[in-house]
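My entries follow below the display.

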Amino acid sequence: MATPRLMEPVYYVEIQTPIDCVSAIYTVLSDQRGHATADVPQIGTPAYIIKVGYKTLLLMM
């Protein structure tokens, strides 16, 4: 017999940002239940690429 259960879909996004904004992005991610899976500089530019997994709550019935 099926019962309702709580599922958490995860969205994967890639954020490209200047190095000065990386700490602000991490602050927003921690407030919004997101976590960085990779944090790498983009070679030849002053930009960083942050790969993020972001969870949201969804009630499945």
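I started with the span 5–47: its end C-alpha atoms lie 41 Å apart, and 23% of the span is helix and 49% strand. Helices and strands here are DSSP runs numbered from the N terminus, helices being H or I with at least four residues and strands E with at least two. UniProt, in an unreviewed entry, gives residues 5–47 as "domain: Elongation factor EFG". I noted that UniProt positions follow the numbering used here, that feature names are shortened, and that annotations may be inferred rather than shown by experiment.

Before going on, I wrote down the ground rules. This is a predicted model, where local features need pLDDT of at least 70 and side-chain atom pairs count only at pLDDT 80 or more, while totals for chains, interfaces and linings use all residues. Residues are numbered from 1 along each chain as its sequence is written, and side-chain values use heavy atoms, with hydrogens and water left out.

**The sheet**

What is the strand order in the open sheet? I found 3 strands in the order β2-β4-β3, with antiparallel pairing. Strands β2 (10–18) and β3 are at the edges; each has a single partner strand, so one side of each lacks a neighbour in the sheet. On average, neighbouring strands are turned by 20 degrees against each other, direction ignored. The axes are lines fitted to C-alpha atoms, for helices over the stretch in contact, and angles run from 0 to 180 degrees between N-to-C directions.

I then checked each pair. Pairing requires at least two DSSP bridges between two strands. β2 and β4 are antiparallel, with 9 bridges. Q16 stands opposite I49 in β4. β3 (residues 34–41) and β4 (residues 47–55) are also antiparallel, joined by 7 bridges. Here H35 faces G53 in β4. These two strands make a hairpin with 5 residues between them. In its turn, G44 has a positive phi of about 90 degrees.

**Two residues**

Is T17 buried or exposed? I looked it up in strand β2. T17 is buried, because its relative accessible area is 6%. The cut-offs are under 20% for buried, over 50% for exposed and partly exposed in between, with a 1.4 Å probe and protein chains only. Leaving out residues up to four places away in sequence, T17 touches V22, I25, P46, A47, Y48 and I50. Contact means heavy atoms within 4.5 Å.

L6 I found in strand β1 (residues 5–7). L6 counts as exposed, at 58% relative accessibility. Its C-alpha atom is 32 Å from that of V22, 16 residues apart along the chain.
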